Amino acid sequence: MNNIAFVTIATGPFSRTCKAEACLESLYRIAKYTGSSFLITDSPGCHDINNIRKNAGSDNVELITVGNFSRKIDSPIGFLRQSVLGVPVWVPRFISPMKRPKAKSLKAEVFNLIDDAAIDILIYIDADAIFLREEGLADLLHFAASGWDAEGVKFRVNRFPDEQHPERKLNIHTGFMIAHRTLSRKALQHWSQMMAIKQHWVRNFSDKEKYLRAYEQVREEKGKPGYMSVFPIPNHKYEVILDPENDTGLIGHITSGRIKHHGKMKIEEYLSKLGLKSYPARYYTLPGMPQWMINVFYFGYFGYYRNYKIEKVWKGIRSKFNG
């Protein structure tokens, strides 16, 4: 299936971690993938493509560079337009750094950034995910290539769209999606337009909410989702939220919630069994760093400069203090 490729995105703070490198290494070394993959970043100096290929054991990894937006200092305050007694007012509220919406918006631009006509289908996966086994990869590739009988995008969903019960919300997970170069084009364009409106991010800091806005717009106009159709990726078959006690999926998403739930030690013990070379052993979760410090790093409002990997920096600091 040479017309399928994987893609992940790492910008700003994520470029300064080893997460994207570990994700790609696991895709090739653990899942035994042999095709093409792409890493999109605004900080190419943070990613040693030769070392990524070496750890992955494949030359099929490509680095795609976009204009740098991580250096910008973001304000923590946004203003939301509301109506008070019929009078429009601008209400201040705390918002996440706008560099993060810009990173999320790249998902809708993947085919514009990967200009290879031979690739018809892209499987997007968040950088903080790890491929856990080989079993299931061939089935995922087959699923990605089949079932394109209408326009839309394939997402993992928790609830399916039901035209008989329109009040039911379509709960999609945008950290794992499959898009088609032609059949997903209109959907990605509309999603991109929604994500370009800053006020939408002030109201809700979720890229899935922007897709659902577009989904509802099309359905209101024509009575059905049309080109915004969502094709469900089977729940828990390919991706699971990483659970060291129930590792049955192809992909484990290592969210901060999972780390907090299971504890850093248990997560690190599980990951150490995979033998990944892309980060210092037992430093994927930044052990010894308090949560507020991690939050400052990942959600900081200051710009990101220089090329470094926080796992290596933090290990070096701890090594000095621990002798």
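Which residues is G303 in contact with, leaving aside its neighbours within four places in sequence? They are S70, R71, K72 and I73, where contact means heavy atoms within 4.5 Å. Welcome to this predicted model, in which local features need pLDDT of at least 70, side-chain atom pairs count only at pLDDT 80 or more, and totals for chains, interfaces and linings use all residues. Residues are numbered from 1 along each chain as its sequence is written, and side-chain values use heavy atoms, with hydrogens and water left out. Helices (H or I, at least four residues) and strands (E, at least two) are DSSP runs, numbered from the N terminus.

- G303 is found in the loop between α12 and α13.
- With a relative accessibility of 16%, G303 counts as buried; buried means under 20% relative accessible area, exposed over 50%, and partly exposed in between (1.4 Å probe, protein chains only).
- Along the sequence G303 and P13 are 290 residues apart, yet their C-alpha atoms are 9.3 Å apart in space.
- R306 is placed in the loop between α12 and α13 (310-321), and its relative accessibility of 70% makes it exposed.
- The phi of R306 is near 65°, a positive value in a residue other than glycine.
- K32, in the loop between α2 and β2 (36-41), has a positive phi near 65° and is a residue other than glycine.
- K32 is partly exposed, at 46% relative accessible area.

**D126 and Y124**

- D126 sits in the loop between β6 (121-125) and β7 (129-131), whereas Y124 lies in strand β6.
- Both residues are buried: D126 has 16% relative accessibility, and Y124 has a relative accessible area of 4%.
- Their side chains are joined by a polar contact of 2.6 Å. A polar contact is a pair of N or O atoms within 3.5 Å; within protein, one must be able to donate a hydrogen and the other to accept it, and residues adjacent in sequence count only if both atoms are side-chain atoms.
- Not counting residues up to four places away in sequence, D126 touches T8, C23, K107, G175 and H253.
- Y124 is in contact with V7, T8, I9, K107, T174, G175, F176 and M177, leaving aside its neighbours within four places in sequence.
- The C-alpha atoms of Y124 and V7 are separated by 4.9 Å, although the two residues are 117 residues apart along the chain.

**Nonpolar cores**

- The largest nonpolar core has 44 residues, of which F6, I123, F131, L140, F176 and I178 touch the most other members. Such a core is a set of buried Ala, Val, Leu, Ile, Met, Phe, Trp, Tyr and Cys residues joined through side-chain atoms within 4.5 Å.
- Another core lies apart from it, with 41 residues, among them V110, L122, V153 and I172.
- Leaving aside neighbours within four places in sequence, L140 is in contact with F6, I123, F176, I178, Y238 and L250.

**Helix α9**

- Helix α9 (residues 207-222) has 16 residues and should span 22 Å at 1.5 Å a residue; its end C-alpha atoms are 23 Å apart, which agrees. The expected span is 1.5 Å times one less than the number of residues.
- Its buried residues are D207, E209, K210, Y211, L212, A214, Y215, V218 and R219.
- Elements covering these buried residues include α4 (99-105), β8 (153-157), β9 (172-180), α7 (185-195), α8 (198-203) and β10 (230-233).
- S206 caps the N-terminal end of α9, with a side-chain oxygen 3.3 Å from the backbone nitrogen of K208.
- After α9 comes G223, whose phi is positive, near 85°.

- The largest pocket has a volume of about 1000 Å³. On a 1 Å grid over the protein atoms alone, a cavity is a set of points where a 1.4 Å probe fits but cannot get out, and a pocket is an open set with protein on both sides within 12 Å along at least five of seven lines; lining residues have an atom within 4 Å of a point.
- Of the 44 residues lining the largest pocket, F14, R100, K104, D126 and D128 are the closest to its centre.
- Helix α12 gives the most to this lining, with five residues.

Technical notes:
Points joined across faces, edges and corners; volume = space filled by probe spheres on them.
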